[in-house]
Amino acid sequence: AALTATEIAKQVGLVGSGHRKPKKGEKPVVMYEMKEMRADAVSSYEFGGGNDSGEDVPLASSSEFVFVPLDDDHSETKDTIAYVPSNLRTIENMVLKNEISVSVTGDILTKIAIDAVRSENAKQTKPGQKEAYIDPKTVLLHPAAQTVLQKLVPLVSVFARHAPRQKEAVIAALNGNGSITLMCGDGTNDVGALKMAHVGISIVSVPDLEAKQREALEGMTSAKDDRKGSKKKTKKKATSTSSKRKKKSLEESLRAFAEAEEELNFVALGDASVASPFTSRTMSIKCTKDILQRGRCTLVTMLQIYKILGVNCLVNALVLTRLHMAGVKQGDRQLTVVGLVVAALFYFVTRGQPLSTLSPKRPPSSVLCKSTLISIAAQFAVHFVCIMAVTHLSTLHLDPDDPSLVPDGPFNPNVLNTSTFLVTVLATVNTFVVNYRGRPYMQNLTENKLMMRSVQISYIALFACAVEVFPPLNELMQLTPLPADGAEVFAVAGDSGLGEQLSIVVGSIGFKLTLCLCMVVDTALAYQAEKIVQRMFGN
């Protein structure tokens, strides 16, 4: 059983090099099977390492277990590895280096569990007391058995001939070891393991349809290979008969594949679909890759949405505070525009599709991780400086006799309201652009066409309003005309203690260009801050 399962694992590439030839200098993977040894044969196996007394003791008390090479004749050789605590570390290192792979049957796991529980009971049994009965059906989930299995199971690559309760025990051992488990099953015997795993996927098992689909795929592959071969021929025209025959063969394969896919939709789902959160109408475990890709894409999307919400909340709180202190309010149209922009960008963010390849890097598992919090703080610091500078400059142009500058007064467009609106919308758009993650988990911003076009239109509209190239657009958004030059601001800024460098910029290039400069600087610094944080945490 172990040999058959190992050969299948090699063919599908789960262990060893699969169908490919080993690379130059690459050693073949040696397959080991765990076996129970006879009492008279145990003494000939040499144990390495030791315990506190200087001697190594087996992990199981009543029986002795060893790892035997599958290509061996089952005689006692130096390649046999004893199942003792000190050897587990050696085996783990060999498995990580892809030097060996381990196979174990369900019966051996049950015997190991029984020995572990018997050893635990022997410590608690008083002299003369009868040994407690051990139920083979439930022993695998006993705490003592799970303690032993949690050390053994992660070393195993092939689990052969496992009953339903044995599959469940393997998943429980992996869970107890701190691993995140995914179980893929197609029948009632997989229900327990599917429920025990963190992620359970049920697939359809229809041998006839699977054979039909496989034949169709082989026909399609053969027809495509023939077409490529005919193109490589040097100026030799294929006969019309052969080309028609190849075309007809490809059409038949495509038709057969489509029929198999359609028949799958009418196959009744089994008990496995009731026990698992995911059900795939396929006959292959390729669906696990789809779940991982889409799950990572969803996780990254939610993380970036939380980051966007965090930065935007801080920015809006700062802007509203500054406006309230000056008695200035925002217009209804302005709030409507901000809401529409945010809603559209959030929608387009979720339209990002997962990539076809699975990245070896894992995304952050929580929004409260250190990288996310530092990123939010860095972005808000950039927006804080920009907003404070713009509001300080705009406050110098407020008319103190304006009756609308009271908390309950009517809305009246002014320089402060206009400038803060433009900077707020810009900071909001920048937050979406900067926090859009993209590769290696989902499409880049340039590949998400709807998102990219929306961002470009937003930037063009904001800078057009800042320089007032299209006055009807400013009127639509309830924006007031901005000061033409900064001579007055320069004179007042010197008395108000504004930074000398900023005062010089305003006095030399004017208020409008200074506002545009602040918007450009805010965009560039926010982007650089996020890149620095990503490099700090290796993302």
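Predicted model: local features only at pLDDT ≥ 70, side-chain atom pairs only at ≥ 80, totals over all residues.
Side-chain values use heavy atoms, with hydrogens and water left out.

**The nonpolar cores**

Begin by selecting L345, L422, V429, F432, M451, V455 and L515, which touch the most other members of the largest nonpolar core, a set of 54 residues. A nonpolar core here is a set of buried Ala, Val, Leu, Ile, Met, Phe, Trp, Tyr and Cys residues joined through side-chain atoms within 4.5 Å; buried means under 20% relative accessible area, exposed over 50%, and partly exposed in between, with a 1.4 Å probe and protein chains only. Next colour α11 (287-326), α12 (332-349), α13 (370-395), α14 (415-435), α15 (449-467) and α19 (511-536), the elements that give two or more residues to this core. Among these, α14 gives the most, with 11 residues. Helices (H or I, at least four residues) and strands (E, at least two) are DSSP runs, numbered from the N terminus.

Now centre on V455, which touches L345, V429 and V433 when residues up to four places away in sequence are not counted; contact means heavy atoms within 4.5 Å. Then move to I91, I108, I134 and V153, which are included in a second, separate core of 34 residues.

**Helix α6 and its surroundings**

Select residues 164-176, which form helix α6: its 13 residues reach 18 Å from the first C-alpha to the last, close to the 18 Å expected at 1.5 Å a residue, where the expected span is 1.5 Å times one less than the number of residues. Show the side chains of Q166, A169, V170, I171, A172, A173, L174 and N175, the buried residues of α6. The elements that cover these buried residues include α4 (106-124), α5 (143-152), β5 (156-160), β6 (182-185) and α7 (191-196).

The structure holds seven salt bridges, each defined as a side-chain nitrogen of Lys or Arg within 4 Å of a carboxyl oxygen of Asp or Glu. Select K35 and E33, whose side chains meet in one of them at 3.6 Å, N to O; K35 is partly exposed at 26% relative accessible area, whereas E33 is buried at 10%.

Turn next to K111 and E36, a salt bridge with its closest N and O atoms 3.0 Å apart. This pair links distant parts of the chain, with K111 in helix α4 and E36 in strand β1 (residues 30-37), 75 residues apart. K111 is partly exposed at 38% relative accessibility, and E36 is partly exposed at 32%.

R118 is partly exposed at 27%, while D115 is buried at 3%.

Finally, select F380 and F384, an aromatic pair that is tilted, at 6.0 Å centre to centre and 55° between the planes. Rings of Phe, Tyr and Trp (its six-membered ring) pair if their centres lie within 6.5 Å, planes under 30 degrees apart counting as stacked, over 60 as edge-to-face and the rest as tilted; by this rule there are four aromatic pairs. F380 and F384 both lie in helix α13, four residues apart, and F384 is partly exposed at 36% relative accessible area.

Key. Residues numbered from 1 in each chain as written.
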